[in-house]
Every structure is written in C-alpha cells, then in structure tokens.
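Welcome! Let us walk through this structure together, one region at a time.

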Amino acid sequence: MESVRISAGFATHTGHHRAANEDSYLAAHPLYIVADGMGGHDAGDRASQAVVRAFRPLAGRDGVAVEDVRDAIRNAQAFVGAIAATTVRGAGSTLTGLVQIVQDGAPHWLVVNIGDSRVYRASARGLERLTVDHSLMQQELDNGNLHPDDASAYPYRNVITRAVGAAASPPDFGLHPVLPGERFLVCSDGLTNEVAETEIYELLASGQDCQLTADRLIERALENGGRDNVTVVVVGVTA
C-alpha cells in the first residue's frame, strides 16, 4: 500500500440549551474517539472523561492490536461503573471512534461503537455510516414499526440500549483498510440530530482542511438549534 498521511480536526461545544458539556473526545493518533456522557451534570461529564482516560495510554503508540482496544474498553467499563456507583441517577457514556491497528501486516481502521454516537466515511462514492445506533429508535426502525420520515418526532429517540458502564453492552467492531482519499467523521448525536447527512457529506467533501471542516460542522449544528452538546472529530487520509 502506498504511504499515507493522516490529519485530523476536532471541536466541541456545549450548545445553546445545556449548562455543561458532557461530551469528551480524544484525537491523538492512532485514536480518534468521541464519548457522550449520561447521568446529569454531576456524572455525565465524568463518565465521558473516564472513557477517554481509559484509551489515553494507547495514544502515540505504534502497532496497537485489537486486544489493546478490548482492554481499554474493559477499563472504561470499570471506570464508568465506579462513577455510577457513587450517584443516585447512575452514569454512562457512549463510545465510538476509529483506532488505526495493524492487521495482516497492513494498517487498518478498527471502528468501535457502543451507544448512539456515530462514525461516517466520506469518499467519492458518497457518505457511508459505519456504525449502527444502539437505541430504541433504531430498533423500531429495524423492526419496521417506525417509518424513517417519522423518526425525528419519535418520543424515545434519545433512549439508548447499550452504554459504557451498563450491563450487557458489548461493543460493535468493524474493520476497514486505510485508503487515501477518504475522510471519516466521528461525532456525538448533537451533530446528527441537527444536521442532515446530505449536508454533512457536502462539508466533508468540500476540500477544506480537517480543522476547518470540524469547525463548520459545529457551526451548522448551532445554527440549526444547538439543542445538545455537540462534538466532532474529522480524520483525513491523503497519499
């Protein structure tokens, strides 16, 4: 495979209606992850920060393996579980993102997901969502009980079925080769609840550098209401 260059841009914002930012992120090669905390102002931010803390030892390392990622997830579950045990409302967090690993001697993206934050891949073929939401709404969509046109009004759209810190919440994994010309977006639902996927793709494919793209995605979420914390990490692969 030809040599590639990885670049990244990242941004987060509390939004217009929240008192605190319960999102956290880590963008330090080979890690690009987002965590969206739950548990209120007294625990949600701590939960998402605990997820990042569990992954931070892998930052800057070469040759990260799948088992290293599994160990980090186990540590994140333990960290968040300890926080939940000290609160009345409990605590939890989503976890989603990309980790560059070596598979069969070649670099690959390992996509990991627990909850309803998302990873997208943008290329000349269009925009592809690489994660499946672990949510009641996604279950209803998959079962045919909810039409996509009615999803925005679904009253339980923010109820998730898996979370770091909760029982029976295994991660989903995906594996993709590292290819030049592709861009990835890791984001919390504060973006996807405000900005349509068509516009997300337009911004990712605009040719702007990753940081400008990340900033613009945040701006659009705020312009469209900014009802939640919003966090984005944009990763670009060039030859």
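A residue is called buried when its relative accessible area is under 20%, exposed when it is over 50%, and partly exposed in between, using a 1.4 Å probe and protein chains only. Because its relative accessibility is 52%, glycine 63 counts as exposed. This is a predicted model, in which local features need pLDDT of at least 70 and side-chain atom pairs count only at pLDDT 80 or more, while totals for chains, interfaces and linings use all residues. Residues are numbered from 1 along each chain as its sequence is written, and side-chain values use heavy atoms, leaving out hydrogens and water.

Where does glycine 63 sit? Its place is the loop between α1 and α2. Helices here are DSSP runs (H or I, at least four residues), as are strands (E, at least two), numbered from the N terminus. Setting aside neighbours within four places in sequence, glycine 63 is in contact (heavy atoms within 4.5 Å) with Asp68 and Val102. Its C-alpha atom is 9.3 Å from that of glutamine 103, 40 residues apart along the chain.

Now look at the helices on either side of that loop. Helix α1 (residues 44-55) and helix α2 (residues 66-84) pack at about 150 degrees with their axes 8 Å apart; axes are lines fitted to C-alpha atoms, for helices over the stretch in contact, and angles run from 0 to 180 degrees between N-to-C directions. The two helices are therefore roughly antiparallel, the word for angles over 145 degrees, whereas those under 35 are roughly parallel, 65 to 115 roughly perpendicular and the rest oblique. Among the residues that meet are Ala47, Val51 and Phe55 in α1, and Ile73, Phe79 and Ile83 in α2. The residues of this contact divide into twelve nonpolar, one polar and two charged. Here Ala, Val, Leu, Ile, Met, Phe, Trp, Tyr, Cys and Pro count as nonpolar, Asp, Glu, Lys and Arg as charged, and the others, Gly among them, as polar.

Which residues of α5 are buried? They are Ile200, Leu203 and Leu204. These cover an arc of only 100 degrees around the axis, so they lie on the same side of α5; the arc is that of the directions from the helix axis to the C-beta atoms. On the other side of α5, Thr198 and Glu202 are exposed. The buried residues pack against several elements, including β7 (118-123), β11 (230-238) and α6.
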